[in-house]
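Thanks for coming. I will go through one model today, from its ring pairs to its backbone. Please have the structure open while I talk.

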Amino acid sequence: MKTLSKNWMTEGLIDFEYKKYQLLAYLQETEKQFKAVRLYPHLGELIEHHRNLNEFKSGKKSISDFFPKALSHVDLKQVKLHYKDLEKEDQVLQEVNQIADFALPSIEKKIVEGRNIYDYVEDQVEFEPVGIQPIYNREGFVFLTREKDSDVYAYRYKSSLLQLAGEKFRSISLWLLGVFQKTLVKTLEMLKLELIREVKELPNPATWRIHSHQAFPIDETLIPISKRLLLQKVNS
């Protein structure tokens with residue numbers, strides 16, 4: 001699978017035609033993944049590239065931010081590493097600007113496509129509790145199921161509070177506990193009881209079912225969307 005590094009505009013040969021070819025190859029691979037409804041990691045990468053390009057064009061990032069740096073010397077007294085810029089002279093600025101001008105609308109178009117697919121998938125997903133829910137819902141179990149599929153993907157989740165740049169954010173972590181078979185006898189409620197016996201530190205866990213009406217890819221699509229839905233639910 002082709003990827004595009006964070007500093008793709010300034011790595012290697014800085015030539016508009018070469019970078020155009022490099023970007024188009026990446027977008028072609030992204031198109032292939034989107035047609036298979038595999039949203040991640042490509043959609044997240046596109047959004048990151050778009051943000052970097054916007055910051056460069058708006059002046060929030062200088063061209064030197066996109067160039068790799070080499071270690072120049074070590075300051076043992078202050079215990080600091082000093083780097084020298086590998087940025088070329090100003091003649092590359094015009095070339096990089098041309099690359100950015102071409103890349104921005106191309107990436108924007110692909111992000112819109114990815115978000116439309118995301119919205120469509122989200123509309124095909126149902127979110128519901130399994131059994132009686134406790135007041136504390138920051139951690140528990142998630143059962144992921146798909147239409148016409150007897151497999152139940154059982155996960156343990158935990159919501160954590162992160163602080164970045166002075167702002168607080170919540171994140172969701174998922175751990176796969178196992179893939180089980182749902183039958184007329186083995187219901188989701190029974191599976192919940194089995195997991196409670198195994199995961200003893202969660203005697204009364206919040207438990208949710210996330211059901212997809214279509215067989216979308218698990219890891220590349222349903223898990224990222226499930227995390228967002230779960231984060232909205234546990235913080236409501």
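Start at Phe216: its relative accessibility is 5%, so it counts as buried. Buried here means under 20% relative accessible area, exposed means over 50%, and partly exposed is in between, with a 1.4 Å probe and protein chains only.

Before going on, a word on what this is. The model is predicted, so local features need pLDDT of at least 70 and side-chain atom pairs count only at pLDDT 80 or more, while totals for chains, interfaces and linings use all residues. Residues are numbered from 1 along each chain as its sequence is written, and side-chain values use heavy atoms, with hydrogens and water left out.

Now the aromatic pairs. Rings of Phe, Tyr and Trp (its six-membered ring) pair if their centres lie within 6.5 Å; planes under 30 degrees apart are stacked, over 60 edge-to-face, and the rest tilted. That gives 3 aromatic pairs. In one of them, Tyr120 and Phe216 have ring centres 6.3 Å apart and planes at 85°, so this pair is edge-to-face. Tyr120 sits in helix H3 (residues 91-123), and Phe216 in the loop between strand S7 (206-212) and helix H5 (218-234), so the pair ties together parts 96 residues apart in sequence. Helices (H or I, at least four residues) and strands (E, at least two) are DSSP runs, numbered from the N terminus. Tyr120 has a relative accessibility of 40%, so it counts as partly exposed.

Another pair is Phe127 with Trp208. Their ring centres are 5.2 Å apart and the planes meet at 40°, so this one is tilted. Phe127 belongs to strand S3 (residues 125-129) and Trp208 to strand S7, so parts 81 residues apart in sequence are tied together. Phe127 is partly exposed at 23% relative accessibility, whereas Trp208 is buried at 6%.

A salt bridge is a side-chain nitrogen of Lys or Arg within 4 Å of a carboxyl oxygen of Asp or Glu, and the count is 9 salt bridges. Glu128 and Arg209 form one of them, with the closest N and O atoms 3.2 Å apart. Glu128 is in strand S3 and Arg209 in strand S7, so this pair too ties together parts that are 81 residues apart in sequence. Glu128 is partly exposed at 30% relative accessibility, and Arg209 is buried at 15%.

Which residue does Arg156 meet in a salt bridge? The partner is Glu201, at 2.8 Å from N to O. This links distant parts of the chain, 45 residues apart: Arg156 is in strand S5 and Glu201 in the loop between H4 and S7. Arg156 is buried, at 18% relative accessible area, while Glu201 is exposed at 53%. Glu194 bridges to Lys186, with 3.6 Å between the closest N and O atoms. Salt bridges that share partners also join Glu31, Lys110 and Glu113 into one network.

Stepping back to the whole chain, there are 5 helices and 7 strands, in the order α-α-β-β-α-β-β-β-β-α-β-α along the sequence. Of the 236 residues, 41% are buried.

A nonpolar core is a set of buried Ala, Val, Leu, Ile, Met, Phe, Trp, Tyr and Cys residues joined through side-chain atoms within 4.5 Å. The largest has 43 residues, and Met9, Val121, Leu144 and Tyr157 have the most contacts inside it. Helix H1 (16-35), helix H2 (42-58), H3, strand S4 (139-146), strand S5 (151-164), S7 and H5 each give it two or more residues. H3 supplies the largest share, 10 residues. A second, separate core has 12 residues, including Val130, Phe143, Phe180 and Leu195.

To finish, some backbone points. The Tyr40 to Pro41 peptide bond is cis, with omega near 15°, and Pro41 is in the loop between H1 and H2. Val37 lies in the loop between H1 and H2 as well, and has a positive phi of about 55° although it is not a glycine. Lys148, also not a glycine, has a positive phi of about 60°. Lys148 is in the loop between S4 and S5 and is exposed, with a relative accessible area of 86%.
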